[in-house]
Amino acid sequence: MKPIRLLDNRLANQIAAGEVVERPASVVKELLENSIDAGAGRLTVEVENGGVKLIRIRDDGHGIPQEELALALSRHATSKISELEDLEGVATLGFRGEALASISSVSRLTLTSNVAEQESGWQARVEGRDMEAQVMPAPHPVGTTIEVKDLFFNTPARRKFLRTEKTEFSHLEEVVKRLALSRFDVGFTLRHNQRSVHQLRPAVTQAEKDRRVAALCSPKFIEHAVIIDVAASGLKLYGWVGLPTFSRASADLQYFFVNGRVIRDKLVAHAVRQAYRDVLYSGRHPTFVLYLELDPAMVDVNVHPTKHEVRFRDGRTVHNFLFSTLNRALGEVRPEDQLPPTVLTSPPQPRASGVDAGEFQGQETIHLSAAPASSGTGYSASERSGGGGSYDCRPALSEVPSSGQVKRQIEAYSQLYATAAEPLNASQARAVGDDAVQESGVAFLATVPAQPLPENDALAPPLGYAIAQLKGIYILAENDQGMILVDMHAAHERITYERMKQSYQEQGIRAQPLLVPKSVSVSEREADCAEENSEYFSRLGLTLERMGPETLLVRQIPVMLQNADVDKLLRDVLSDLMQHGTSDRIEAHINEILATMACHGSVRANRKLSIEEMNALLRDMEQTERSGQCNHGRPTWTMLTMDQLDKLFLRGR
């Protein structure tokens with residue numbers, strides 16, 4: 001056994017560099033974060049050979065004084081924290097004081113800086129081998145320039161693990177994109193091999209922010225995004241949430257920032273998945289650029305070397321806030337939010353926001369709107385609420401039904417529900433639930449509230465008016481912009497499902513005691529979790545009793561889950577509680593049953609509908625939450641504009 005001895009400074013820095021400096025992108029991340037913390041308003045990044053040969057970063061921050069240049073290159077030297085209390089409420093991106101020392105130990109680093117109080121700038125040079133900083137005067141404006149040359153020149157083994165120049169630059173560009181999304185008030189310039197890649201000016205207005213997001217995340221994302229801005233209980237969430245129709249095959253367009261720091265957190269990912277659960281097709285991933293602001297003391301950023309993970313002090317509150325906000329934002333999306341402005345020819349009918357029934361009632365500000373008009377497809381809050389907004393409308397359709405015709409359409413449409421309830425008999429209801437399900441679901445289909453009539457018959461609704469039915473499956477409708485195509489079964493399925501969920505929620509979770517209590521074997525940790533959250537389980541309709549260190553007794557379950565696998569369901573709920581602080585397994589299981597019932601109780605293919613019935617279905621879609629997708633995440637309608645139709649037939653060429 002070799003004797004214990006203290007590592008020399010150079011070797012210790014190289015070991016630390018293994019955690020901090022993984023590739024050129026890691027260097028750029030650390031240096032840009034330092035520049036932002038220094039108050040920079042403009043950042044220029046120049047790289048060569050994917051960042052391996054050269055990384056040069058210039059900023060116009062407050063700079064580093066001459067007497068602190070050499071100290072800045074030492075390990076654990078920082079101006080951002082000085083005592084333990086500072087670590088418990090970190091408000092800066094960097095704070096450990098390891099980045100510059102780690103980078104200089106595996107590269108040839110030159111640090112040039114100047115402050116307003118000095119007559120000229122000063123420069124410090126460090127080679128990876130001796131780690132001795134050479135300080136000399138050098139002309140430089142107020143701010144800092146850092147050059148990192150020949151990365152990993154003294155650690156050949158690390159350099160062999162680098163990928164191709166294109167791959168390394170793509171990682172580096174992604175870092176710049178994330179930081180550009182985190183700070184709209186800072187301008188960014190990125191050049192690779194003397195070629196300009198990004199030139200982003202500081203963004204102050206909403207339109208400028210939209211342009212930056214469009215430049216970094218694609219214009220299509222802005223066109224298919226909903227802007228949210230919600231504050232409650234000391235938490236604030238704002239940003240852009242992509243519509244379910246703009247999902248992707250991979251999670252490559254998901255950016256989440258906590259107090260300006262980009263993170264990848266399991267709790268956040270779980271809350272977002274829950275919010276999209278009812279509207280996203282299987283295997284697809286949502287898109288979003290979201291910002292969460294809270295007291296720095298309520299989040300711990302010192303849990304991972306790269307600071308990509310954080311730990312919330314009250315994870316359950318954060319999770320519930322994220323889920324409820326995103327779920328409500330997606331639920332309030334209507335067809336008019338997904339069409340160009342010229343399609344919206346009448347103000348939308350007033351609808352409940354769903355806030356009153358939510359957990360966060362003490363909201364300070366709530367602002368939900370589609371992508372702004374600057375992107376070419378959205379509406380402002382005043383336009384959506386009918387508060388004096390103007391619309392760029394085309395002439396109304398030549399054949400618009402009168403109020404009397406609309407009344408007859410609604411009366412005819414109500415017959416769909418009574419007829420649709422017929423296919424689901426008592427035996428089928430028991431296959432998906434029990435008699436209580438039939439009472440709360442199918443019976444509800446026969447009682448449809450009358451929809452409010454439009455005040456002005458000359459205004460066309462977003463989904464237009466029905467023209468015909470195609471093959472007994474699709475509804476063809478005409479609006480001001482072109483043709484609407486609706487999958488009538490999928491649309492009616494979503495309408496039925498949402499009404500059944502609303503009815504069930506109003507009745508509450510009905511529970512029934514088990515004649516023979518069920519014993520479930522769990523780990524001691526799971527049993528402790530169940531005991532600590534007994535009230536939470538009671539609200540879900542589950543009554544649990546601990547019979548031993550590793551045994552739970554289930555005495556009562558929700559009525560709708562009497563045929564479910566209680567053992568598996570209980571373990572899944574406990575797993576979610578231990579990992580995320582909350583669980584929606586029981587609600588999801590109930591919703592699956594309601595979705596099955598809605599599918600059975602909806603109008604089927606090859607069912608001939610009259611024009612009145614089709615028009616009434618379109619009006620219901622405009623008032624129903626998440627009507628753009630069926631219960632399985634498939635789209636319910638699409639539109640072909642006149643421009644698209646003209647292109648199909650080469651008109652105007």
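So, Arg619 sits over the face of Tyr465, and the distance to the ring centre is 5.3 Å. Keep in mind that this is a predicted model. There's another arginine doing this: Arg108 lies over the face of Phe153, at 4.0 Å from the ring centre.

Now, rings with rings. How many aromatic pairs does a search of the whole structure find? Six. I'll walk you through two of them.

Take Phe184 and Trp240. Their ring centres are 6.0 Å apart and the planes are at 55°, so we call that pair tilted; stacked would need planes under 30 degrees apart, and edge-to-face over 60. Where do they sit? Phe184 is in the loop between α7 (165-182) and β7 (187-192), while Trp240 is in strand β10 (residues 235-242), so the pair ties together parts that are 56 residues apart in sequence. And are these two buried or exposed? Both Phe184 and Trp240 are buried.

Next up, Phe257 and Tyr291. Here the centres are 4.9 Å apart with the planes at 10°, so this pair is stacked. Phe257 comes from strand β11 (residues 254-258) and Tyr291 from strand β13 (residues 288-293), so this contact ties together parts 34 residues apart in sequence. Phe257 and Tyr291 are both buried.

Definitions and conventions. Residues are numbered from 1 along each chain as its sequence is written. This is a predicted model: local features need pLDDT of at least 70, side-chain atom pairs count only at pLDDT 80 or more; totals for chains, interfaces and linings use all residues. Side-chain values use heavy atoms; hydrogens and water are left out. Rings of Phe, Tyr and Trp (its six-membered ring) pair if their centres lie within 6.5 Å; planes under 30 degrees apart count as stacked, over 60 as edge-to-face and the rest as tilted. Helices (H or I, at least four residues) and strands (E, at least two) are DSSP runs, numbered from the N terminus. Buried means under 20% relative accessible area, exposed over 50%, partly exposed in between (1.4 Å probe, protein chains only). A charge sits over a ring if NZ of Lys or CZ of Arg is within 6 Å of the ring centre and within 35 degrees of the ring normal.
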